[in-house]
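Hi everyone, thanks for coming. I'd like to walk you through a structure that may be new to you, so let me put it up on the screen.

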Amino acid sequence: MGIVRVENIRVYAHHGCLTEETTIGSDYLVNVLVKTNLSKAAISDALVDTVDYVHINKIVEQEMAIPSKLLEHVAKRISNRIFSEIPMVEKSTIAVSKINPPINGDVEKVTIVLKSKRS
């Protein structure tokens, strides 16, 4: 078993329950961790034998562009697409962080983490 991480994908998006959040938008960070068998890629040195992190980044950018009320919903869509489009992925952990959330307090970011496995 191996791990591929794509860390701190910075995206400007329009998520939130408040009208201002979906109108104005804000900055987000997305971290993706997938577990897969990397032994074939370690020997073959071929992209086709591993998880292409460019593909993961593209999925994140496309799903983050679709406004949602909840970060959990966005993370689930990202996870669903990874399992649908990258058959060799066995498990995923998706973390979506809203930077400077509109709450009363000095909060750098809020993060949700969604762990999933292929069924």
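Let's start with the largest nonpolar core, which has 25 residues, and where V30, M64, I82 and V96 touch the most other members. Please keep in mind that we are looking at a predicted model. Which elements give two or more residues to this core? They are β1 (2-13), β2, α3 (53-64), α4 and β3. Of these, α4 gives the most, with 6 residues. As general background, nonpolar side chains tend to be buried together in soluble globular proteins.

Leaving aside neighbours within four places in sequence, V96 is in contact with Y28, L29, V30, M64, L71, A75, V110, T111 and I112.

How many strands form it, and in what order? There are 4 strands, arranged as β1-β2-β3-β4 in an open sheet with antiparallel pairing. β1 and β4 stand at the edges with a single partner strand each, so one side of each has no neighbour in the sheet. On average, neighbouring strands here are turned by 15° against each other, if we ignore direction. For anyone new to this, strands of a sheet pair through backbone hydrogen bonds, either parallel or antiparallel.

Let's follow strand β3, residues 91-99. On one side, β3 pairs with β2 (residues 26-36) in the antiparallel sense over 8 bridges, and K35 stands opposite K91 of β3. β3 is also joined to β4 (residues 109-117) by 9 bridges, again antiparallel. In that pairing, K98 has V110 in β4 as its bridge partner, while I99 has K109. So is β3 largely enclosed or open? It is largely enclosed by the rest of the structure, because 7 of its 9 residues are buried.

Staying with the sheet, have a look at S26, which lies in strand β2. S26 has a relative accessible area of 16%, so it is buried. Its side chain is joined to that of Y28 by a polar contact of 3.5 Å. Beyond its neighbours within four places in sequence, S26 is in contact with V11, Y12, A13 and K98.

The one to start with is R81, found in helix α4 (residues 71-85). Is R81 buried or exposed? R81 counts as buried, because its relative accessibility is 19% and the cut-off for buried is under 20%. Not counting residues up to four places away in sequence, R81 touches I59, Q62, E63 and I86.

The other one is N57, which lies in helix α3. Its relative accessibility is 24%, so N57 counts as partly exposed. How far apart are N57 and E7 in sequence and in space? They are 50 residues apart in sequence, and 9.5 Å apart in space from C-alpha to C-alpha.

Note on methods:
Residues are numbered from 1 along each chain as its sequence is written. This is a predicted model: local features need pLDDT of at least 70, side-chain atom pairs count only at pLDDT 80 or more; totals for chains, interfaces and linings use all residues. Side-chain values use heavy atoms; hydrogens and water are left out. Buried means under 20% relative accessible area, exposed over 50%, partly exposed in between (1.4 Å probe, protein chains only). Contact means heavy atoms within 4.5 Å. Two strands pair if DSSP finds at least two bridges between them. A nonpolar core is a set of buried Ala, Val, Leu, Ile, Met, Phe, Trp, Tyr and Cys residues joined through side-chain atoms within 4.5 Å. Axes are lines fitted to C-alpha atoms, for helices over the stretch in contact, and angles run from 0 to 180 degrees between N-to-C directions. A polar contact is a pair of N or O atoms within 3.5 Å; within protein, one must be able to donate a hydrogen and the other to accept it, and residues adjacent in sequence count only if both atoms are side-chain atoms.
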